[in-house]
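The following questions and answers examine a predicted model. Please consult the sequence and the structure shown here while reading.

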Amino acid sequence: MEITARYCRKEMEQYGECVASKPFSWQQDCHELKVNVAQCTSSHPVIQRIRQECAEPFMAFEQCLKKNQSSAINCAEYVTKFLTCAEAVKVVT
């Protein structure tokens, strides 16, 4: 997460602001900004490892968000699982 923030801060901030300002329609209205974040992070090796090793908890989190578009707080458990996985990924240098 720190790497994403370091290299893609602008994209993350724009996406976060969009999600916060559109609590009922963020899934559709912020899609392009979400894609921008994904494109920015996809080239970084650590992010690629996290995506590989933590794909399952991340997909579960995204599914939860789709089911709870007006109440994303219901997905906190899934965020925690994903973050725990991401933090456990070993950085190979």
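Q: Which residues of the lining lie nearest the centre of the largest pocket?
A: The lining of the largest pocket comprises 31 residues. Those nearest the centre are Tyr15, Val37, Phe58, Phe61 and Phe82.

Q: Which helix supplies the largest share of the lining of the largest pocket?
A: At least two lining residues come from each of α1 (2–21), α2 (26–29), α3 (31–41), α4 (45–53), α5 and α6. The largest share amounts to seven residues, and the helix that supplies it is α5.

Q: How many residues of the lining of the largest pocket are nonpolar?
A: The lining includes six polar and four charged residues. The nonpolar residues number 21.

Q: Are α5 and α6 roughly parallel or roughly antiparallel to each other?
A: The axes of α5 (residues 55–67) and α6 (residues 76–88) come within 8 Å and cross at roughly 160°. Angles over 145 degrees count as roughly antiparallel. The relation of α5 to α6 is therefore roughly antiparallel.

Q: How many residues of the contact of α5 with α6 are charged?
A: From α5, the contact involves Pro57, Phe58, Ala60, Phe61 and Cys64, and from α6 it involves Tyr78, Val79, Lys81, Phe82 and Cys85. Nine of the contact residues are nonpolar and none is polar. The number that are charged is one.

Q: Which residues does Pro57 touch, not counting residues up to four places away in sequence?
A: Pro57 is located in helix α5. Contact requires heavy atoms within 4.5 Å. With residues up to four places away in sequence not counted, Pro57 touches Tyr78, Lys81, Phe82 and Cys85.

Terms used
Residues numbered from 1 in each chain as written. Predicted model: local features only at pLDDT ≥ 70, side-chain atom pairs only at ≥ 80, totals over all residues. Heavy atoms only, no water. Axes fitted to C-alpha atoms, helices over the stretch in contact; angles between N-to-C directions. Helix = DSSP H or I, 4+ residues; strand = E, 2+ residues; numbered from the N terminus. Parallel < 35°, antiparallel > 145°, perpendicular 65-115°, else oblique. Nonpolar A, V, L, I, M, F, W, Y, C, P; charged D, E, K, R; others polar. 1 Å grid on protein atoms, 1.4 Å probe; cavity = no way out; pocket = protein on both sides within 12 Å on 5 of 7 lines; lining within 4 Å.
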